[in-house]
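Take a moment to turn the structure around, and then read on with it beside you.

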Amino acid sequence: MSTNLLWFLGLVLISAWIMYITYKKTEFHLNLAVYFFTMGLSFLMEYIVLILGDAYSYYPRVFSNQWYDDVFGSSISQAFFIPSILMAIAAFRINLKWVILIIVSIFGIEELFLWLGIYKHNWWNSWYTVVILFISVFIIKWWRNRVEGPDFFIQFVTIYMAITTIFQAVSFYLQAIFETHKYTIGWFESPYQDHIAFNVLIWIIYAFLLTLIILKFYRFLWLAILFLADSLFHIILIKMEILHINSFWHPIFFSIILIVLMILIRKLNVYMFPQLKK
């Protein structure tokens, strides 16, 4: 295990500790909804800033490919560390004085990672992070208030955010670790950036349909139709030579994983929004 990776794992441990304290001390089902909303916002911003814009680079030294290292480092920061902190700020109603101290501390961690050489700015600046975090605090606190008496919009957006992050993460690590598949769309010079950009975009769009099914059409018939349609979709991408499948993999495996994750997220939805259960 590289020394670089240990620093990133340190962020994971901090995030896990924050999640545990929040679980023990608060109404966790409400704050979990805030967590997924926050993670989804971070994910969408990372797609623009990191994947499309190449704003910064991470060096956890997990993968030999830099783009995969970037996504791994980003997932530590934007899927665990930052969302857990923002969730806790909203959950414990932390006042402005402490919020400023927390944001300054995050700024210090970013500068430390830059100094250690395990993170690098390409065109990004640390003060961008400070401004975005300060604005995010008010958005997340507002969202926390809304989930106490949620309507369909709050539920839909939260589940949409959960789907985009969970499904994309599963798809990414299947490819990064097992090399199951890759997309070639021709948008970028790097085939890895090309794959990641198209993979994320698919889930950003696809998640609208999946969220609607989970909330309004969660029946065996619709899941069966989804299974068949998803399999057909992947077969079409293969015929178009956009999707390339490894010899040990099969398009139907994507659809099996999809249905399993749909079942799990349906259960997650019931846990986070029991008052809206149909």
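A charge is said to sit over a ring if NZ of Lys or CZ of Arg is within 6 Å of the ring centre and within 35 degrees of the ring normal. In this predicted model, K216 gives an example: its charged end sits over the ring of F152, 5.0 Å from the ring centre.

**The overall picture**

Let us step back to the whole chain. Nine helices and four strands make up its secondary structure, and along the sequence they follow the pattern α-α-β-α-α-β-α-α-β-α-α-β-α. The C-alpha atoms fill a box of roughly 55 × 45 × 30 Å along the principal axes. A compact globule of 278 residues would have a radius of gyration near 19 Å, and the chain has 19 Å, so the two agree. Of the 278 residues, 52% count as buried.

**Salt bridges**

| Residue | Partner | N to O distance |
|---|---|---|
| R93 | E148 | 2.7 Å |
| R144 | E148 | 2.9 Å |
| R146 | D151 | 3.0 Å |

The pair of R93 and E148 links distant parts of the chain. R93 lies in the loop between α3 (66–91) and α4 (96–116), while E148 is in helix α5, 55 residues apart from R93. By contrast, E148 and R144 both belong to helix α5, where they are four residues apart, about one turn of the helix.

Is R144 buried or exposed? Buried means under 20% relative accessible area, and R144 has 4%, so R144 is buried. In the pair of R146 and D151, both residues are partly exposed: R146 has a relative accessible area of 27% and D151 has 32%. Salt bridges that share partners join R93, R144 and E148 into one network.

**Aromatic rings**

A pair of aromatic rings is described by the distance of the centres and the angle of the planes. The structure holds 33 aromatic pairs. One of them is formed by W124 and Y128, with 5.1 Å from centre to centre and 90° between the planes, an edge-to-face pair. W124 is buried at 7% relative accessible area, whereas Y128 is partly exposed at 24%.

Why is the pair of F134 and F138 edge-to-face? Planes over 60 degrees apart count as edge-to-face; those of F134 and F138 are at 75°, with the ring centres 5.3 Å apart, so the pair falls in that class. These two residues are four residues apart in helix α5 (residues 126–148), so they are separated by about one helical turn. F134 is partly exposed, at 35% relative accessibility.

Rings also gather in a group. W7, F8, Y56, Y58, F113, Y119, W123, W124, W127 and Y128 form one aromatic cluster.

Which residues make the nonpolar surface patch of about 540 Å²? They are F152, L212, F217, L221, W222 and I225. Helix α8 (residues 220–239) gives the most to this patch, with three residues. I225 lies in helix α8, and at 41% relative accessibility I225 counts as partly exposed. F152 takes part in this patch, and the charged end of K216 sits over the F152 ring.

How values were computed:
Residues are numbered from 1 along each chain as its sequence is written. This is a predicted model: local features need pLDDT of at least 70, side-chain atom pairs count only at pLDDT 80 or more; totals for chains, interfaces and linings use all residues. Side-chain values use heavy atoms; hydrogens and water are left out. Patches are made of residues with over 30% relative accessible area and no salt bridge: like charges are joined within 9 Å, nonpolar side chains (Val, Leu, Ile, Met, Phe, Trp, Tyr) within 5 Å. Accessible areas come from the Shrake-Rupley method with a 1.4 Å probe; for residues, only the protein chains shown count as cover. A salt bridge is a side-chain nitrogen of Lys or Arg within 4 Å of a carboxyl oxygen of Asp or Glu. Buried means under 20% relative accessible area, exposed over 50%, partly exposed in between (1.4 Å probe, protein chains only). Rings of Phe, Tyr and Trp (its six-membered ring) pair if their centres lie within 6.5 Å; planes under 30 degrees apart count as stacked, over 60 as edge-to-face and the rest as tilted. The radius of gyration is taken over C-alpha atoms; the globule rule is 2.2 Å times the number of residues to the power 0.38.
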